[in-house]
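Student: I've got a structure to go through and would like to talk it over piece by piece. Could you take my questions as they come?

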Amino acid sequence: MAQSRAPIAGRFTAQEVALATRNSGMPLEALRYDLTPAGLHYLLIHFDIPAADAESWRLEFCGEVERPFSLGIAELRAMAPRTERVTLECAGNGRGQIAPRYPSVPWLEEGVSTAAWTGVPLARLMDRAGLRTGVKELAFHGADRGIDRGVEHEFARSLSVEEALRDDVLLAYQMNGADLLPQHGAPLRLIVPGWYGMASVKWLQRIEALARPFDGIQQGASYHFRAHSMARGIPCRRIRVNSLMAPPGIPDFYTRTRSAHAGAIRVSGRAWSGNAPIVRVEFGVDGAWQDAALAEQASPFAWRGWHAAWNARPGIHELACRATDAAGNVQPLDPLWDLGGFGNNAIQRVSVTVAD
């Protein structure tokens, strides 16, 4: 049986600090980029980055298929490519703001980024394999292997056939027009637009068609919204509506508190949702809200830019932003507690000291 970890309160543990140094968030000033540069894109690597050689790499299609086969990266590159702009967010983004928190990567709010992913639609390859009658899910197996919750396994996730065969689900070999970097899944990864990042399996080496629900440790035991340890939980899937601002002014090196001069300040940021397009962003100053101006939506599953004017007056002020999507989902003002620290989409709050 998979082992679990109890929520904790207080200072971060040595293990959490080690995870935080290994798994990096996107600096919030990088919100200025429509596409996050590869070196600034957030990272969550469960185990070790596996050794991978693009020349010898093979992707295997197996399980309940009529025509099992494998192919290399060169064969994928020879097919007509497709590029999708996709915002990825870690399901645990914001975990460090919840108390008590689940002991894992102590994300604050930087576990999100957007990139242009290039590859081949998965549906095209599954047509070649031919799914047998009764297939329920496709399981995606990465090459990274380790131990989590006391169980040794390779990182693997699954999607329903309907979800997996969407035309925007990609087998991606490029990021922002360049070959994938090792930390981003080189030479091949899955990209599942609209879903939290755990679905976009990196270092993809095997796709298995299953006539039963996949019960791998990262599917059955992890990535569920749970109110308590005995709850069955609801699987983490689509990204909840969320937004961030690039904090204005300048930071203190150690505390990261912000300072700015009085006067007109343009505040900008990004908003996103895996369920529906963003239709509104509100900018708040000390609890008073105003509608922000929205930029064009570059892609259905990419974040949307916004900006607002702030007439900054001397004093200490709390800035905030709140997004609404077309399905009517609105960010909550405060975090919704979750056992695993998943899905925290509470509004961002930034304190700024304004000097005369």
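Student: Is G146 buried or exposed?

Tutor: This is a predicted model, and in it G146 is buried, with a relative accessible area of 15%. The residue is found in strand 5, which covers residues 137-148.

Student: What is G146 in contact with, leaving aside its neighbours within four places in sequence?

Tutor: With those neighbours set aside, G146 is in contact with F47, V151, E152 and H153.

Student: Switching to the core: which residues of the largest nonpolar core touch the most other members?

Tutor: That core has 67 residues, and those touching the most other members are F61, W117, L122, F140, L171 and I207. Strand 7, residues 170-175, gives the most to this core, with five residues.

Student: What does I207 touch, not counting residues up to four places away in sequence?

Tutor: On that count I207 touches L59, E60, F61, C62, L122, M126, L138, A139, F140 and L171. Apart from this core there is a second, separate one of 21 residues, which includes V281, A292, A308 and W310.

Student: L122 came up there, so which residues of helix 3 are buried?

Tutor: In helix 3, which spans residues 122-129, the buried residues are L122, A123, L125, M126 and A129. Seen down the helix axis they fall within an arc of 160 degrees, and therefore they line one face of helix 3.

Student: What follows helix 3?

Tutor: Helix 3 is followed by G130, a residue whose phi is positive, near 75 degrees.

Student: New topic, rings. How many aromatic pairs does a search of the whole structure find?

Tutor: The search finds five aromatic pairs. One of them is formed by F61 and F69, and it is stacked, with 4.5 Å centre to centre and 10 degrees between the planes. As for burial, F61 is buried with a relative accessible area of 1%, and F69 is buried as well, at 13%.

Student: What about W272 and W303, how is that pair arranged?

Tutor: W272 and W303 form a tilted pair, at 6.3 Å centre to centre and with 55 degrees between the planes. W272 lies in strand 16 (residues 263-272), whereas W303 lies in the loop between strand 19 (293-294) and strand 20 (304-312), so the pair ties together parts that are 31 residues apart in sequence. W272 and W303 are both buried.

Student: Which charged end sits over the ring of F69?

Tutor: That is the charged end of R128, which sits 4.0 Å from the centre of the F69 ring. Another case is R322, whose charged end sits over the ring of W289, 4.1 Å from its centre.

Student: How do strand 14 and strand 15 run, and how many bridges join them?

Tutor: Strand 14 and strand 15 (residues 258-261) run antiparallel and are joined by two bridges. The bridge partner of P251 in strand 15 is R258.

Methods: Residues numbered from 1 in each chain as written. Predicted model: local features only at pLDDT ≥ 70, side-chain atom pairs only at ≥ 80, totals over all residues. Heavy atoms only, no water. Pairing = 2+ DSSP bridges. Helix = DSSP H or I, 4+ residues; strand = E, 2+ residues; numbered from the N terminus. Phe/Tyr/Trp six-rings, centres within 6.5 Å; stacked < 30°, edge-to-face > 60°. Buried < 20%, exposed > 50% of the residue type's maximum accessible area, 1.4 Å probe, protein only. Lys NZ or Arg CZ within 6 Å of the ring centre and 35° of its normal. Arc of directions from axis to C-beta. Core = buried A, V, L, I, M, F, W, Y, C linked by side-chain atoms within 4.5 Å. Contact = heavy atoms within 4.5 Å.
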